[in-house]
Amino acid sequence: MANERKARAGGTAVTDQEALDFHSQGRPGKLEITPTKPMATQRDLSLAYSPGVAVPVKAIAADPATAYDYTTRGNMVAVISNGTAILGLGNLGALASKPVMEGKSVLFKRFADVDSIDLEVDTEDADTFINCVRYLGPSFGGINLEDIKAPECFIIEQKLREIMDIPVFHDDQHGTAIIATAGLINALELTGRDLKTTRLVCNGAGAAAIACVELIKSLGFAPENVIMCDTKGVIYQGRTEGMNQWKSAHAAKTDRRTLEEAMDGADVVLGLSQKGAFSEAMIRSMAPRPIIFAMANPDPEITPEEVASIRDDAIMATGRSDYPNQVNNVLCFPYMFRGALDVRASTINEEMKIAAARALASLAKEDVPDDVAAAYQGNRPRFGAQYIIPVPFDPRLISSIPVAVAKAAMESGVAQKPITDLAAYGHQLSMRRDPIASTLARIYERVRLAPKRIVFTEGEEVPMMRSALAYANQKLGTALLLGREDRMRETAAREGIDLDRPGIKLVNARISDRTGAYTDYLYARLQREGYLFRDAQRLINNDRNHFAACMVALGDADGMVTGITRNYSTALDDVRRCIDAKPGHRVIGVSIALCRGRTVLVADTAVHDMPSSEELADIAVEAAGLARRLGYVPRVAMLAYSTFGHPQGERSERVREAVKILDRRRVDFEYDGEMAADVALNMKVMEQYPFCRLSGPATVLVMPAFHSASISTKMLQELGGATIIGPLLVGLDKSVQIVSLTAKDSEIVNMAALAAYNAG
């Protein structure tokens, strides 16, 4: 966990009291245990414990592998320490390590949805520690060792790996090694170096340093080109002072004896030692375009500012979050265990570590989404000297690193439950972190089977460009970027966006051979509404919403997405001049609210300000239809401030009349009202009204007015932590979606996918 500590030391400053308050406020500590099964009734308790629990007990006794099916073992990791090397603080004992181990468990859950529990073992004796941990195997799917001093950490990990049949991983060693190796792969590429001929010096001979050297040698570095140093100088063949078996394994055949001599002409230096270990003379003596990873905790061997004052051709990484290229272990351990657990790996081997490093290196080369830029104050990193390692809040980590690890485990023969469809596995991983991904997964799959041409209307805007790139990369169809090609290419070059990838097509309205057809079409629609031909011509030539909507209307595209340069109602007015409502349908806006594992559709959240009874009935029909298309059973609650006549009021009467209209139409979905929101969503409360027609909690909420819909969804978002998708535009004859002015690229891609889905 060394590098996470550096991030805390070098990142946003906090006071001692703030840290103490954070850990003590509310329930002390950072973890709690929450049941995953209902415990509300006597029957629930009978199933959870006696007598029901006897059934899985017998099943596991007959077949131990079923423990993964009937218990938490398959998603449970133990974080274990004896506190002999806590943070950069040294040996403070097992109990003092507990806040750190709790924090590690929180990171497991936050980043990879791995359940974890911390265990602090109060002994400094390696054999006693081993004998304690070895018998915990049946409880866990993996063991993460943490903050154990060298050389005991080597002995403990090696022995536990030999005697246990589950992954044992000392993160202080291997986590640092994997992240550093990922950065090194990219730094070598940027400087045009070859693994076989690159000269590397590692200053430090502790747990992390030895793990780094072992992994880079496994990657393909020539052993004769690697020199390791400790406080006594170069570790060379024949040296006896301060040696042990782990250092001896990496003793170099060299006549160099000091760190300064070792670094002369070196291509790469890894620092896992102490502040100030690298001098100006050492850095100046390195080869052209040197690669310097100064990872000392909490302060690096030399700072980027110091290196910049010496030479301007270096690529640097540190362990600190306030510098580029942070070697942060949180990029590794959650995802390493996620992949290992999911294939029930018996160990974590070199192949899995290298696979993780290569996957991290590849991810750093991909275009960075808005979610990452937002987490870093809008700074969007781009592959290059200042960005060779992904950042911790990249949401794509969970869908890329575990897949690579699982694949390597299967290919190396340590997986006991192989995964047959790794692409599907990657999609499932995305769902674990992102509630939107779970809801939209089947939509994305459906679109991939029948890809669609979607116009990204404001093509000169960076979010639209990034969204188009993501749409094409995810093989959802062809992204048609609408704008002036020179402007788009100029912006793309500045932002590092590749517009020449397959699946992206640039559309320039000014030189399109379809301009005349679109003008004729629009004039035919608007000529009896006060528009002259030249008015229609001006709209087509100068307004991208009108141009894009005509593309869709005349079949030159399957759908469109717009909205980041003008407000929703204005964009909708533009589109409605070109596209009518579907015959027999009403145009409405529906938002999808995802909160605490539940999904509810809310309507109308975009179009009707104060709908009449007839309009409310239409809204219910449209929203129910959308629910069905998205795979939900429509149970429609017509909401009001009153419930079934109490209290009385004019607005509630309008809702009651809407229910009567639905009765007369004999619609084919469940509906009832008027009712308050708690009645609609809480089955216990609903049971107080035995005459209610809904068979379960509502899946569709029809709001009595636009203002109540807008207020409620925004309150859900801000106070309830809900994720809101939309509003989705429903009821048009062609597929159009409008995003908010502040939409991020991930939101735009989701709306584009929905436009493609509706076009099908």
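Student: Is Lys 104 buried or exposed?

Tutor: A residue counts as buried under 20% relative accessible area and as exposed over 50%. In this predicted model, Lys 104 has 0% relative accessibility, so Lys 104 counts as buried.

Student: Which helix holds Lys 104, and what feature does UniProt place there?

Tutor: Lys 104 is in helix α6, residues 98-112. The UniProt record, an unreviewed entry, places the feature "active site" at Lys 104. Such annotations may be inferred rather than shown by experiment.

Student: Which residues does the UniProt annotation "domain: Malic enzyme N-terminal" cover?

Tutor: In the unreviewed UniProt entry, that annotation covers residues 28-161. The span is 40% helix and 12% strand, and its end C-alpha atoms lie 34 Å apart.

Student: Where does Thr 66 lie, and why does Thr 66 count as buried?

Tutor: Thr 66 is in the loop between α4 (54-62) and α5 (67-70). The cut-off for buried is under 20%. Thr 66 counts as buried because its relative accessibility is 13%. Leaving aside residues up to four places away in sequence, Thr 66 touches Ala 59 and Ile 60.

Student: Turning to the sheet, in what order do the five strands stand?

Tutor: Strands of a sheet pair through backbone hydrogen bonds, in either a parallel or an antiparallel sense. Here the order is β13-β12-β11-β14-β21, the sheet is open, and the pairing is parallel.

Student: Which strands stand at the edges?

Tutor: The edge strands are β13 (504-507) and β21 (735-738). Each has a single partner strand, so one side of each is left without a neighbour in the sheet. On average, neighbouring strands of this sheet are turned by 20° against each other, direction ignored.

Student: How many bridges join β11 and β14?

Tutor: Strand β11 (residues 452-456) pairs with strand β14 (residues 559-562) over three bridges, in the parallel sense. Val 455 stands opposite Met 560 in β14.

Student: Which strands do helix α26 and helix α32 meet?

Tutor: Helix α26 (residues 568-576) lies across β14 and β21, running at about 160° to β21. Helix α32 (residues 745-759) packs on the sheet and touches β11, β14 and β21. The direction of α32 makes about 160° with that of β21.

Student: What are the domains of the protein chain?

Tutor: The chain is divided into domain 1 (174-182 + 192-326), domain 2 (443-578) and domain 3 (588-731). Taken over C-alpha atoms, the centres of domain 2 and domain 3 are separated by 33 Å.

Key:
Residues are numbered from 1 along each chain as its sequence is written. This is a predicted model: local features need pLDDT of at least 70, side-chain atom pairs count only at pLDDT 80 or more; totals for chains, interfaces and linings use all residues. Side-chain values use heavy atoms; hydrogens and water are left out. Helices (H or I, at least four residues) and strands (E, at least two) are DSSP runs, numbered from the N terminus. Buried means under 20% relative accessible area, exposed over 50%, partly exposed in between (1.4 Å probe, protein chains only). Contact means heavy atoms within 4.5 Å. Domain bounds come from an automatic or database domain assignment. Two strands pair if DSSP finds at least two bridges between them. Axes are lines fitted to C-alpha atoms, for helices over the stretch in contact, and angles run from 0 to 180 degrees between N-to-C directions.
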